[in-house]
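Have the structure open and follow along.

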Amino acid sequence: MRYNSNKLKHQTTEEILDLMIDTLNKEEDPLKKITPPVGVEESEIIATVRTVKSMKEPQAPNPDLGEKINKLASQKWQRQRKPLKLGTLAAGIIVLLALILGKSLWGGDVVLAMEKAVLNLSNYYGTLEIRTQNAVGEEWMVRRLEIWSEGEKYALRDNNGLMTVNNGEQKWQLKPEKREVTLLPPVPDYTQKSFDLKDEAERAKKYPHSIEGRENIAGREALRVKISPPGGDPYHLWIDVETNLPLQLRTAVQNALQTTYTFVSLKPNVQIQPHIFTLKVPDGYQVVEENTGQLVYSLKEASEISGFVPVAPHDSPYRIYAFAGKIVFDYGKTTIVETPAEKPLKIAGQGAWGQIDGQPVEIIQDRLRWQQQDLEITIEGPLSVKLARQLAPNLILPDKNLDLAKKAQVKVEVNMEIAQAEQKQVDAGHAPWQLDPLFVSHVFVNLQVTPEGIVGEPKIPYSAFKIEANTGVEALVSVGEGPIRKVYLKKLVREDESGIWSVIGYDSSKDDENKPAW
Amino acid sequence: MKKLKQLLNFKTNEKQLSLWCNQTWPELYRYIYNRVQNREEAEDVTQETYMKILAKYSYPELLSIAYLKTTALNIIRDRWRRKRTSGTQVPLEEALLAGENEISKVLDSTYIEEALRQLPKDQQTVLELRLINSYSRAETAQKMNKSEDAIRGLQYRAIRKLRELMLNNLKEENRT
């Protein structure tokens with residue numbers, strides 16, 4: 001039985017309660033039967049009914065529930081875990097030997113144990129100290145943060161009393177100095193990434209690492225693990241021997257400064273008082289609202305507030321926020337932001353290129369951005385590709401194995417020592433243009449034209465350069481004028497978004513002139 | 001070393017994943033049922049929890065049942081919130097969805113019995129017949145020798161009174 005929405009609107013709370021009880025007695029989901037949303041009073045009444053009913057024993061599930069869950073697990077297995085091949089088996093044996101013979105050399109078990117410990121965290125409370133040291137050994141505290149974290153909710157309080165909270169529904173900052181509460185847009189939220197233990201565990205697993213020793217950190221025994229990103233300076237992570245959780249992180253020296261993040265206290269799986277995540281404006285405080293958007297329950301509402309019609313994926317978001325000129329679909333760690341497309345899409349230099357129906361898609365890590373139906377759509381997070389395919393089924397991701405270098409008429413030899421030194425410079429924040437294949441091509445071609453160096457305006461203007469392909473690892477740039485027609489580039493030191501581009505070959509324009517015009 | 005072998009083993013064994021599911025789902029289902037109080041919703045949320053976890057993690061077998069329970073609570077919270085006209089928190093729902101580490105009396109049977117005892121006798125009886133014994137309105141009317149309309153009004157007054165008592169108790173809990 002489905003309640004008729006019109007009928008329900010005219011029903012009294014008394015009648016709604018009666019229907020709710022009947023539905024629960026039939027072991028059916030009461031909210032599934034209702035089309036219009038319910039108010040707070042009805043929600044409280046249903047919660048009260050559920051509370052009383054908790055006195056009876058739970059009803060057994062349908063006999064096929066276990067089978068359905070096993071089917072889900074089996075689908076995952078078939079999708080993600082291919083059967084062992086000989087090569088995999090050999091690799092497995094090597095890993096096993098490495099673990100037996102060189103446990104301390106590789107530290108693989110420690111990082112796996114850390115990943116497991118982090119996954120098992122349902123919540124935590126801790127105090128994080130951030131300290132910086134300069135080249136002459138002087139050290140000072142930058143910030144001290146108290147952190148409460150539970151699922152997607154978190155609260156941070158710094159040493160000045162500034163408190164930032166995101167409870168999954170709202171984000172706000174409590175500023176005691178100004179006696180002010182600032183309401184902030186809850187999504188997309190980048191604050192959490194600055195201290196997320198899960199991110200740290202994932203990074204440690206991704207790069208080569210080795211155990212260097214045992215040390216006492218904030219009164220706890222910890223293993224010091226060296227993590228070496230390819231082509232970058234190594235940094236260190238300390239893992240608590242007892243809890244397997246990360247205790248301290250020390251960055252590499254960059255610009256003569258080194259930063260250390262230390263959990264001076266960390267209490268996993270504790271009881272966090274609900275008031276921590278509840279917005280309560282203290283007496284005498286002023287509420288300042290930044291463009292926080294409005295939580296809406298339908299695309300129609302979102303469309304009315306934003307002033308445009310959004311495109312929505314098949315999967316329902318957890319929440320939809322509507323702003324003037326913007327709609328955000330919140331899927332937890334993944335968000336979709338839609339705005340009207342006001343000017344043509346300009347792809348960032350470090351972004352790889354995908355395609356949707358011949359139109360470019362910018363891809364930077366797990367963020368996709370493109371234009372469709374007069375909208376600019378940005379999806380960021382682990383589900384970005386899945387959700388993008390629901391909006392644009394013809395999405396084509398770049399093929400990383402194009403091997404463009406083979407096609408270059410003139411091969412350019414790259415000195416890897418110099419490339420690695422340049423990568424370190426870029427890691428430290430210098431010469432960021434090396435992350436942009438257009439800019440690298442611009443410098444390379446102009447140095448061919450004026451080998452003595454570029455003085456004043458370069459001979460070939462930047463506007464003459466155009467990206468033809470960018471897989472994220474290899475790129476092809478065409479040049480509209482001058483002696484070079486095409487430039488081939490590759491990330492030789494590191495293949496992720498932080499890797500610099502090097503020119504590995506080019507096609508000369510002269511060759512074109514000599515070619516017969518057929 | 002045994003632990004390491006186990007870690008390597010489960011990478012290669014589909015049965016481990018199935019075993020983990022079979023070991024965890026009955027407890028998770030009961031945990032969810034205790035909060036939602038109906039089979040249909042409990043089954044839906046149980047499956048959604050596994051779908052979410054299986055899609056998110058490469059090695060879900062490493063996850064504890066506590067993590068599954070927290071994920072399930074968040075799923076229920078979102079489902080209930082989506083069906084509400086406003087996004088504000090409802091304290092009685094939050095009390096039902098308190099995590100394992102949080103102390104909430106709402107799901108303690110002694111506490112509920114105590115609250116029920118504070119209701120007039122006929123209100124206690126109607127809730128017992130309709131909610132605990134799952135009798136229909138007609139059957140309850142017959143047993144209490146009242147009309148069906150009278151039963152509907154009585155159960156409404158009883159639930160409203162109980163809601164008030166529980167909200168007051170929650171406020172006191174928060175104050176202490």
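## A charged pair across the chains

Start with A:E41, which is partly exposed, its relative accessible area being 30%. In this predicted model, the side chain of A:E41 meets that of B:R160 in a salt bridge, at 2.7 Å from N to O. A:E41 belongs to helix α3 (residues 40–53) of chain A and B:R160 to helix α9 of chain B, so this pair joins two chains.

## The interface as a whole

Zooming out, 84 residues of chain B touch 81 residues of chain A. The size of an interface is often quoted as the accessible area that is lost when the parts come together. Here the area buried between chain B and chain A comes to about 8,300 Å², with carbon and sulfur atoms giving 59% of that. On the chain B side, the residues that lose the most area to chain A are B:Q37, B:K83 and B:L131, and together they make up 9% of what that side buries.

Polar contacts join in too: 24 residue pairs between chain B and chain A are in polar contact, counting pairs with both residues at pLDDT 80 or more.

## Salt bridges elsewhere

Side chains of opposite charge can pair when their charged atoms come close. Over all chains, a search of the whole structure turns up 34 salt bridges. One of them links A:R131 and A:E129, with the closest N and O atoms 3.1 Å apart. A:R131 is partly exposed at 28% relative accessible area, whereas A:E129 is buried at 11%.

Another pair is A:E221 and A:R214, whose side chains meet at 2.8 Å, N to O. Here A:E221 counts as partly exposed at 43% relative accessibility, while A:R214 counts as exposed at 53%. Salt bridges with shared partners also tie A:D18, A:D22, B:R130, B:R137 and B:E148 into one network.

## A buried threonine in chain A

Is A:T23 buried or exposed? A:T23 has 2% relative accessibility, so A:T23 counts as buried. This residue sits in helix α2 (residues 13–25) of chain A. A polar atom of the A:T23 side chain lies 2.7 Å from the backbone oxygen of A:L19. In an α-helix there are 3.6 residues a turn, so residues three or four places apart point the same way.

## Helix α4 of chain B

Last stop: α4(B), which is mostly covered, with 13 of its 18 residues buried. What span should α4(B) have? At 1.5 Å a residue, its 18 residues should span 26 Å, and this agrees with its end C-alpha atoms, which are 26 Å apart.

Terms used: Residues numbered from 1 in each chain as written. Chains lettered and ligands numbered in written order. Predicted model: local features only at pLDDT ≥ 70, side-chain atom pairs only at ≥ 80, totals over all residues. Heavy atoms only, no water. Contact = heavy atoms within 4.5 Å. Buried area = accessible area lost by both parts, 1.4 Å probe. Polar contact = N/O pair within 3.5 Å; in protein donor to acceptor, adjacent residues only side chain to side chain. Helix = DSSP H or I, 4+ residues; strand = E, 2+ residues; numbered from the N terminus. Buried < 20%, exposed > 50% of the residue type's maximum accessible area, 1.4 Å probe, protein only. Salt bridge = Lys/Arg side-chain N within 4 Å of Asp/Glu carboxyl O. Expected span 1.5 Å × (residues − 1).
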